[in-house]
Amino acid sequence: MKWYVTACPRNCYSSCGFRVKSDNGRIIGIDKLSSNIATQNGPCVKGQSYINRVYNPERVTEPLLKDKDGLFKEISWEKAIDIITDKINDTINKYGSKSIFYLAGSGMSGILNGFAYDFWKQLGGVTLSYGNLCWPAGLEATRLTLGDNKHNHPWDIENADLIILWGKNPAETNIHQMDFIYNAIDKGAKLISIDPRRTKSSHRSSLKLSPKQGTDAALALAISAELIKTGDIDNNFIDAHVKGFDSFADSIKHCSIEWASEICDIPVGDINSMIDIIVNSNKISVVPGYGMQRYSNGGQTIRSILTIPIITGNIGKSGTGWYYANLQSYIFDDIKEPISYRPDICDPDFRRTISTPNIAVDMINQNSPELKIAWIERANPLTQYPDTNMLLDAFQKLDFIIVSEQFMTDTAMSADIVLPAKTMFEQSDIVSSYWNPYIQIRQKIIDPPGNVKTETEVYSLLAKNIGLHNGNEFLYPVTDIQVDNYLSSVLSEKGIDYNELKKAPVIHSSVEEIAFSDYIFNTKSGKIELWSDEAKALWDVSELPKYVPIDDDLDYNFAIISPNSHDKIHSQFGNLDIISDHNPVPIVYGHPDDLIPLNIKDGSLVRVYNSRGEIYLKCRYDYSIKKGCLSLDNGWWMSQGASINMLSKSGFTDMGYGAALHNNRVSIEKL
Amino acid sequence: MDRQFIFDTNRCAGCRACVVACANKNNNANNNYWRKVSEYNSNNHPLFPVFYISMACNHCDTHPCLTNCPAKAYSIDSNGAVIHDSEKCIGCRYCTWICPYNAPVFNGKTAVVSKCTSCTDNLFESGNPACTEACPLSALTYSTCNSKKDTMSGVTGNKAKPNIKFSEFKTRHTIGNDVSKRANRAFIDSILKRGNKLKEEIPLLVFTVLFIVIVAATIFNTLANNNITKSYNNMHLFGAGIITMLISFLHLGKKQRSFRAILNLKQSWLSREILLSGLFTGLLFITYFITNIIADIITVSVGITLIISIDMVYLRINNKINMLIKAGSASFITIIITAIIISNTISTAIISSLASVIITIDIIRNYKINSKALFRTISILSILACNIIENNYTIILLITFTIIERAWFYYTLPVLSTQELLNKNLLKESNKMFVY
């Protein structure tokens with residue numbers, strides 16, 4: 001028996017370090033890794049479920065080919081590689097390599113993923129997507145304002161005396177942050193939570209506000225306006241480090257508390273209470289979530305909220321700060337997000353013309369050449385991308401779909417060939433995080449079960465079969481030694497010892513414990529930019545943070561939000577029995593005072609619909625949710641009952657090439 | 001116990017990492033989880049706080065599971081942990097009813113119970129249970145704790161003396177009430193939803209009702225010895241007893257181990273009930289051949305003790321005396337049936353009227369809780385009907401409604417659990433706060 005240090009590669013704030021016990025090539029235990037201070041108490045429930053995931057009887061462990069009747073049959077790797085080779089060769093001969101669409105998601109992070117691009121480049125370059133589903137509007141808003149996306153070490157939030165959770169629910173999405181928040185509360189800090197739901201993170205808050213969807217900017221600007229009016233701002237900080245304060249102050253003079261109260265549908269008294277708490281706090285940490293920036297006004301919303309810590313001087317000191325994203329551990333990337341999301345950031349051999357927010361329409365509209373083949377890995381677009389019905393149409397138009405997956409997701413079900421994919425324990429790689437500051441390694445601990453092959457091996461086999469291999473047996477790192485050598489050399493370039501990393505995670509020397517403590521801001525002016533010429537130039541939005549109403553489709557009565565829950569990372573984990581035992585079916589929540597008049601009882605089956613689609617599912621009452629708002633967790637598969645993106649809308653956020661898929665309205669009726 | 005669970009309600013976020021860690025370590029997934037997370041106010045009513053309690057076995061000092069197990073499947077290990085031995089378990093599920101925290105879990109596949117061992121064979125260097133090692137918020141820990149026992153009202157303040165301590169509950173923000181009266185009524189209804197035990201307990205229902213009838217008939221036989229022609233004899237009753245006992249076997253998970261059911265006569269009313277039912281049935285056989293007043297008296301006495309033991313088995317679950325004076329009570333119904341069989345109009349009238357009054361009071365008292373009191377109302381009417389109609393159908397009618405009442409009893413039998421304790425508290429608070 002042996003313990004291994006590893007790290008979770010999911011698209012998650014926490015990116016936990018943890019330890020795995022293996023016995024005779026089988027994983028038998030999961031335990032905490034205290035040397036990662038950010039996640040010292042051990043992984044969350046999803047991390048604990050990895051044993052169930054790796055050895056799940058429903059895991060795909062053989063290549064599968066869909067037959068004429070639409071049934072999947074196991075085939076050998078030789079056959080799978082031959083079929084794919086023929087398809088690729090044939091398609092390239094007829095239409096050119098750009099008729100192949102390579103779509104990779106955030107399912108498993110690691111630097112070996114980059115070898116896919118090497119393969120597709122050698123093939124002549126294929127079509128890629130730009131933009132991102134997740135967080136670009138907020139990243140871009142933060143970049144335009146502060147110059148960089150970084151924040152203090154996660155545990156520094158314990159030193160705050162006011163923490164504002166603005167649209168973030170760490171108890172479910174970043175539980176390790178909650179540990180530090182509870183420590184802060186135990187030391188006397190106050191917590192304000194702003195969310196349409198009474199989240200699991202809000203139970204110990206001093207104040208809770210529920211603004212209407214898409215109106216957070218109005219609330220933020222009214223608060224800033226009042227703070228400026230009463231002089232409760234840090235003038236020295238503003239004079240030294242902030243550009244455009246005066247014009248900002250002028251531009252929000254009309255943003256009174258009453259104005260915001262009406263727009264946001266929040267009592268005036270609650271806004272006043274929030275201002276009181278802010279005025280009486282010295283060290284404020286603002287923790288925004290990602291949900292509220294997936295609206296058409298998302299970037300401006302984030303810029304508006306960001307004005308509060310800026311004008312009160314809560315940047316660059318312990319206990320303060322803006323916890324949007326901490327990209328300091330992304331040391332292996334030449335171009336960081338959000339700039340990397342731009343369509344023009346692209347090797348010229350590739351065609352990067354499909355936008356993530358409008359993926360379905362863009363796929364359908366590609367021409368010279370049209371799309372013929374899609375290769376999808378680490379992604380489940382049929383549940384996670386907006387407007388599923390339209391995307392299904394786009395998939396219908398394709399000749400051939402190859403999906404690399406661990407389970408038969410909705411996307412895998414649409415494939416012609418499913419390639420069994422490795423789990424995090426079956427190939428070593430490096431894990432960076434956007435919250436904790438560590439560089440971590442996930443080690444190979446077990447051999448892949450059945451006939452699972454790693455992606456680098458699959459690409460090597462294909463390269464060989466197609467004739468790209470230049471005489472090498474493996475074009476990419478495949479064997480354990482090749483992988484170790486590759487990772488070791490990448491790490492040593494950054495001054496990190498691979499073998500040390502196997503014992504404990506490391507913080508790279510470039511990482512600042514207190515972000516911006518040097519007051520150097522990587523903006524055009526070198527200052528914090530409330531006034532941003534770049535915002536106007538790049539995105540054609542106001543130079544100043546501004547509340548821009550979202551366009552509501554008032555044919556439908558309810559806004560619907562799609563929060564992330566503690567037992568899923570997007571569409572991952574929900575299929576595991578150890579998770580679904582406690583959360584078996586999708587449920588839409590709404591306020592009883594909205595639902596009783598529609599004759600919908602607690603537990604009724606309902607139809608939720610709009611012009612884009614409909615879903616049938618169970619409805620439960622939530623007595624604290626914002627009236628006029630429904631909530632269905634993100635990540636349910638269509639095959640599990642109901643996916644939120646059957647209803648969601650394609651469209652861009654105001655900046656960053658993000659998807660405004662939360663601009664979503666529906667109606668609900670009893671079945 | 002040297003060490004015990006310490007739970008900080010202020011830190012728990014209800015994430016269930018503890019539940020899955022326990023399943024990883026002890027292989028109890030697939031809905032046989034030993035550890036459960038209960039939620040207070042899971043529907044988020046704005047007037048009440050929301051919090052979570054993670055609990056498995058608290059290895060109670062008085063361990064009612066061990067005391068009441070008929071098969072002696074429970075023991076105490078050297079650390080003071082209450083350990084269940086699946087090899088000795090007969091799968092009667094009595095411990096799952098009697099534990100205040102619903103800690104023992106019956107597994108349909110293995111047909112026996114299993115429960116938390118406090119990870120006596122831990123994988124971890126710390127020697128702590130897997131659940132406590134896994135809590136991302138340090139809400140659940142395991143240690144020696146000599147300080148004053150912190151309690152949580154309604155959860156720890158019971159006779160079982162559980163080995164769990166709670167950190168002092170810090171007041172939580174509630175967010176004011178903008179919920180309509182109509183929605184508040186729906187809220188009360190949602191708290192009241194209960195588990196339905198009826199389906200899986202049909203063998204027990206049949207067992208109880210048949211023995212009530214058999215004992216009543218035996219009493220009648222004995223009393224009516226000389227002046228009424230017997231339409232049935234003790235051999236008929238013996239046959240009925242044997243069938244009844246066979247049916248009760250169906251309830252056991254491990255039928256081949258049924259002999260273990262009488263190992264705990266010293267402490268378990270269930271063991272006594274099982275032994276008495278066997279003894280009683282045997283005596284019916286003997287008294288068929290031996291017509292002897294002493295033998296008859298012994299048989300009737302054993303029968304009455306059996307009926308009392310049946311009630312004691314259920315009384316132990318709830319410790320509430322009003323369980324005895326319901327139509328669902330075996331002793332009570334036996335008395336009424338006996339009275340009717342004897343056809344003593346006056347005694348029937350007195351007893352059944354008394355019964356009606358008691359049951360009516362009970363229903364009025366609990367009406368809010370049991371809004372579906374229809375069954376109860378029908379059973380009163382049936383008992384009252386016995387006063388008016390005097391013929392053989394009365395008994396059939398009465399037995400029918402005894403079955404219904406008894407079924408309702410199983411249907412509403414509270415599954416004691418932490419969630420149930422929290423729900424009760426929430427219901428009490430709601431009734432205080434809501435204005436209708």
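At what angle do the axes of helix α3 (residues 77-95) and helix α18 (residues 455-466) of chain A cross? In this predicted model, the two axes come within 10 Å and cross at roughly 60 degrees, which makes α3(A) oblique to α18(A). The crossing in which α3(A) passes α18(A) is right-handed. On the side of α3(A), the contact is made by I81(A), I84(A), T85(A), I88(A) and N89(A), and these residues meet L461(A), L462(A), N465(A) and I466(A) of α18(A). When the residues of this contact are divided by class, six are nonpolar, three are polar and none is charged.

Between the chains, the contact draws 39 residues from chain A and 39 residues from chain B. On the side of chain A that touches chain B, two or more residues are given by each of β3 (26-32), α1 (45-48), α2 (50-54), α7 (175-186), α22 (577-580) and α23 (592-595) of chain A; the largest share, five residues, comes from α7(A). By class, this side of chain A comprises 13 nonpolar, 13 polar and 13 charged residues.

Within chain B, helix α14 (residues 418-433) has 16 residues and reaches 22 Å from its first C-alpha to its last, close to the 22 Å expected at 1.5 Å a residue. The buried residues of α14(B) are T418(B), Q419(B), L421(B), L422(B) and N423(B), and they pack against β2 (36-40), β3 (51-55) and α5 (181-192) of chain B.

Technical notes: Residues numbered from 1 in each chain as written. Chains lettered and ligands numbered in written order. Predicted model: local features only at pLDDT ≥ 70, side-chain atom pairs only at ≥ 80, totals over all residues. Contact = placed C-beta atoms within 7 Å. Helix = DSSP H or I, 4+ residues; strand = E, 2+ residues; numbered from the N terminus. Nonpolar A, V, L, I, M, F, W, Y, C, P; charged D, E, K, R; others polar. Axes fitted to C-alpha atoms, helices over the stretch in contact; angles between N-to-C directions. Parallel < 35°, antiparallel > 145°, perpendicular 65-115°, else oblique. Left-handed = near helix turned anticlockwise from the far one by under 90°. Expected span 1.5 Å × (residues − 1). Buried ≥ 20, exposed ≤ 12 C-beta atoms within 10 Å, placed from the backbone.
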